[in-house]
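Hi,

Here is the structure I promised to pass on. Have a look at it first, and then read my notes below.

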Amino acid sequence: MLDAYSTNQVVTANNDISLNTVKLQTGRTVTLNNNTVHLNTPGIYTVSIHATGSTTEGGTLGIQLYTNGQPIERAAATAGTVAGVKVNLAFNTLLTVANSDYSNAGFTIRNTGSAGTLDVIEAVVTKIR
């Protein structure tokens with residue numbers, strides 16, 4: 001299990017978001033290295049992401065999981081924004097890691113919206129099977 005977060009992070013459009021603090025990590029099945037969350041054993045993982053933030057100009061605030069540079073379509077949240085007005089984003093998803101894929105399995109969280117500031121972003125990843 002991994003619970004990692006960042007606070008007061010400036011984000012730019014279409015760039016990965018860093019998780020700077022590991023709050024809890026049990027075992028080695030899920031680890032954090034730079035911006036990438038690694039899923040180190042085959043199985044099923046539940047991923048919960050939540051964020052609060054605002055944009056510097058009107059637009060959208062968006063977060064999405066990416067793996068190997070490609071978006072995971074079902075793992076995203078967006079909200080329309082007015083400059084400086086805080087919005088909340090959250091989603092949960094399941095990810096499956098096959099026996100043949102676990103050495104490359106992992107994901108990043110990308111800002112898919114406008115530039116702004118995330119007051120907090122947190123990721124909780126747990127292997128459930």
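Predicted model: local features only at pLDDT ≥ 70, side-chain atom pairs only at ≥ 80, totals over all residues.

T36 counts as partly exposed, at 24% relative accessibility; the scale here calls a residue buried under 20% relative accessible area, exposed over 50% and partly exposed in between, using a 1.4 Å probe and protein chains only. T36 lies in strand β5, where strands (E, at least two residues) and helices (H or I, at least four) are DSSP runs numbered from the N terminus.

Residues are numbered from 1 along each chain as its sequence is written, and side-chain values use heavy atoms, with hydrogens and water left out.

Back to β5. This strand has a covered face, made of V37 and L39, and an uncovered one, made of T36 and H38.

Which strands does β5 pair with? Pairing here means that DSSP finds at least two bridges between two strands. β4 (30–33) is joined to β5 by four bridges, and the two run antiparallel. Within that pair, L32 has V37 as its bridge partner. β5 also pairs with β10 in the antiparallel sense, over two bridges, and there H38 has G106 as its bridge partner.

β4 and β5 form a hairpin with two residues between them. N34 sits in that turn and has a positive phi of about 60°, although N34 is not a glycine. N34 is also exposed, at 64% relative accessibility. A second residue to look at is N68, in the loop between β7 (59–67) and β8. N68 has a positive phi of about 50° without being a glycine, and its relative accessible area of 67% makes it exposed. For context, most residues other than glycine have a negative phi.

Next, the sheet. Five strands make an open sheet in the order β3-β1-β11-β6-β9, with antiparallel pairing. β3 (21–25) and β9 (87–97) stand at the edges with a single partner strand each, so one side of each is left without a neighbour in the sheet. On average, neighbouring strands of this sheet are turned by 15° against each other, direction ignored; the axes behind that angle are lines fitted to C-alpha atoms (for helices over the stretch in contact), and angles run from 0 to 180 degrees between N-to-C directions.

β11 (residues 116–127) is joined to β6 (residues 43–55) by eleven bridges, and these strands run antiparallel. T46 stands opposite T126, and H50 stands opposite E122. β1 (residues 2–11) is joined to β11 by nine bridges, again antiparallel, with Q9 opposite L118.

What about the inside? The largest nonpolar core has 31 residues, and L39, I49, I63, L65, F107, I109 and I121 touch the most other members. A nonpolar core is a set of buried Ala, Val, Leu, Ile, Met, Phe, Trp, Tyr and Cys residues joined through side-chain atoms within 4.5 Å. At least two residues of this core come from each of β1, β5, β6, β7, β8, β9, β10 and β11, and β9 gives the most, with five.

Finally, the largest pocket holds about 190 Å³ of space. A pocket is an open set of points on a 1 Å grid over the protein atoms alone, where a 1.4 Å probe fits, with protein on both sides within 12 Å along at least five of seven lines; lining residues have an atom within 4 Å of a point. Grid points are joined across faces, edges and corners, and the volume is the space filled by probe spheres set on them. Of the 14 lining residues, T67, L95, T96, V97 and A105 are the closest to the centre. β9 gives the most to this lining, with three residues.

Cheers
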